[in-house]
Amino acid sequence: MEQLTMFDAMPDGRIETIPLASRLRPQTLEEFFGQEHLLGQGKMLRQLIEKDQISSMIFWGPPGVGKTTLAGIIAKRTKADFINFSAVTSGIKEIKDVMNQTEISRKMGIRTVLFVDEIHRFNKAQQDAFLPFVEKGSILLIGATTENPSFEVNAALLSRCRVFVLKALEEKDIIRLLENALQSPAGFAGQKVEIAKGQLQAIAIFANGDARTALNTLEMAVLNGEITEHGSIVVTEEGLAQCINRKSLLYDKSGEEHYNIISALHKSMRNSDPDAAIYWMCRMLEGGENPLYIARRLIRFASEDVGMADPQALLVAVAAYQACHFLGMPECDVHLTHAVTYLAMAPKSNALYMACEKCKEHIRTGTAEPVPLQLRNAPTKLMKDLHYGDGYQYAHNVEEKITDMECLPESMRGSRFYLPGKEGAEAAVQEKLERIIAWKQDRSHGKDR
């Protein structure tokens, strides 16, 4: 592989600066930072690479953790042709052309490793085009994706690949990476860069586990540093602050992280943890989420997880939605915080949710029972002749404002779906419901006697 230098000449004679992240791209496993759970001594992936026993695989992880770099290292270690394929620029025709070439190589006894970056961007037809060649062994497929392959890769193709999960780099790994960049001849070893340990840590925190972001930020900070009379470059606090003034949060409004964070918000509120709930809510807003989406989820939560334990919860959630609709961002963030905190601190009951699910299951698996005659309207003579409405008892006509009339189909008499809990206001609801049921049973037994 051609040695990278800091500057390359363009065809017209101009000088192009190669980014620091590209100059420092690891060429061996020993130079690779992070992913110790996969590449540490004795770990599975390291052994497969060192023994040249790799099979088709998918690297799944956030941006900047080394998916493409690792594929390049495998290319150098394995005794096979290596083809780099981009899901962004390649269609079915390009896939078929490459696959036909790999089939010729296979018949000549030559293995081919095909690296597909952003494999989740391929549609089903494009992914299907790989399948027969993976099955025949014409190619060893290495796919890289930031999306959950369970959702984004065809089941047939996924079943023939081993999935390796790459994690965001830890802060200590990022700091080691930055220190290496300052000392490496391909980095800033030839320059006298003065940067404090705390500043390296600030860059590592800002990078949020992304090695590429960390190196790009360091490069920007050095390029904007102050040059002293002795020729050294000092990274100032003011200059660094301009480079890290806004963190790019990992949040894909249509991807897995979207569902991970809304799940974290729900479960934090359910666990009565307002601090965690506010944190996850703000993560969504800072990531660009539509506040109305969050408000809709709060409305659902108000009935599913609070319910009759605090009937006001639904009103608060709906009011928050209306506030978000009226004001929008950034003003509505405090209204969402209000609702999230209220729901987190409210007494919890899932009795309404359980009643709904139990009833739906009964309807799906049972028979469609006819409406009892006493509950049917009889607006015509024919309906009256068929006894529609016979036996109907008007609750307002009695002092108790309740009758012993059966409202369920006869075959379902006594069925219970709503079972109130004992938290908050639902305790009073439970007590009242039990009194109603007992009163009806007494009346029914009296008629039987």
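This is a predicted model: local features need pLDDT of at least 70, side-chain atom pairs count only at pLDDT 80 or more; totals for chains, interfaces and linings use all residues.

In which sense do β5 and β6 pair, and over how many bridges? I looked it up: β5 and β6 pair in the parallel sense, over four bridges. Residues are numbered from 1 along each chain as its sequence is written, and side-chain values use heavy atoms, with hydrogens and water left out.

**Entry 1: the sheet**

Terms for this entry. Helices (H or I, at least four residues) and strands (E, at least two) are DSSP runs, numbered from the N terminus. Two strands count as paired if DSSP finds at least two bridges between them.

I traced an open sheet of five strands, in the order β4-β5-β6-β3-β7, with parallel pairing. The edges are β4 (81-86) and β7 (162-165); each has a single partner strand, so one side of each is left without a neighbour in the sheet. From one strand to the next the twist averages 20 degrees.

Next I went through the pairings. L114 has L141 as its bridge partner in β6. β3 and β6 run parallel and are joined by four bridges, with F59 standing opposite A144 in β6. Strand β3 (residues 57-60) is also joined to β7 by four bridges, again in parallel. On that side, the bridge partner of F59 in β7 is F164.

Helix α4 (residues 67-77) packs on the sheet and touches β3, β4, β5 (112-117) and β6 (140-145); its direction makes about 145 degrees with that of β3. Contact here means heavy atoms within 4.5 Å. Axes are lines fitted to C-alpha atoms, for helices over the stretch in contact, and angles run from 0 to 180 degrees between N-to-C directions.

Then I checked how covered β6 is. Six of its six residues are buried, buried being under 20% relative accessible area, exposed over 50% and partly exposed in between (1.4 Å probe, protein chains only). L140, I142 and A144 point one way from β6, L141, G143 and T145 the other way, and all are buried.

**Entry 2: two helix pairs**

How close do the axes of α9 and α10 come, and at what angle do they cross? The axes of α9 and helix α10 (residues 197-207) come within 9 Å and cross at roughly 120 degrees.

From α9 I listed E171, I174, I175, L178, E179 and L182 in the contact, and from α10 K197, L200, Q201, I203, A204 and I205. These divide into eight nonpolar, one polar and three charged. For the tally, Ala, Val, Leu, Ile, Met, Phe, Trp, Tyr, Cys and Pro count as nonpolar, Asp, Glu, Lys and Arg as charged, and the others, Gly among them, as polar.

The other pair is helix α14 (residues 274-286) with helix α17 (residues 333-345): their axes come within 9 Å and cross at roughly 145 degrees. α14 passes α17 in a right-handed crossing. The contact residues divide into nine nonpolar, two polar and one charged.

S184 sits in the loop between α9 (171-183) and β8 (193-194). Is S184 buried or exposed? At 13% relative accessibility, S184 counts as buried. Not counting residues up to four places away in sequence, S184 touches L24 and A189.

M329 and P330 are joined by a cis peptide bond, with omega about 5 degrees; P330 is in the loop between α16 (312-327) and α17. Q35 has a positive phi, near 60 degrees, and at 5% relative accessibility Q35 counts as buried. N208 has a positive phi of about 55 degrees without being a glycine, but N208 is partly exposed, at 39%.

Conventions: A crossing is left-handed if the near helix is turned anticlockwise from the far one by less than a right angle, and right-handed if clockwise.
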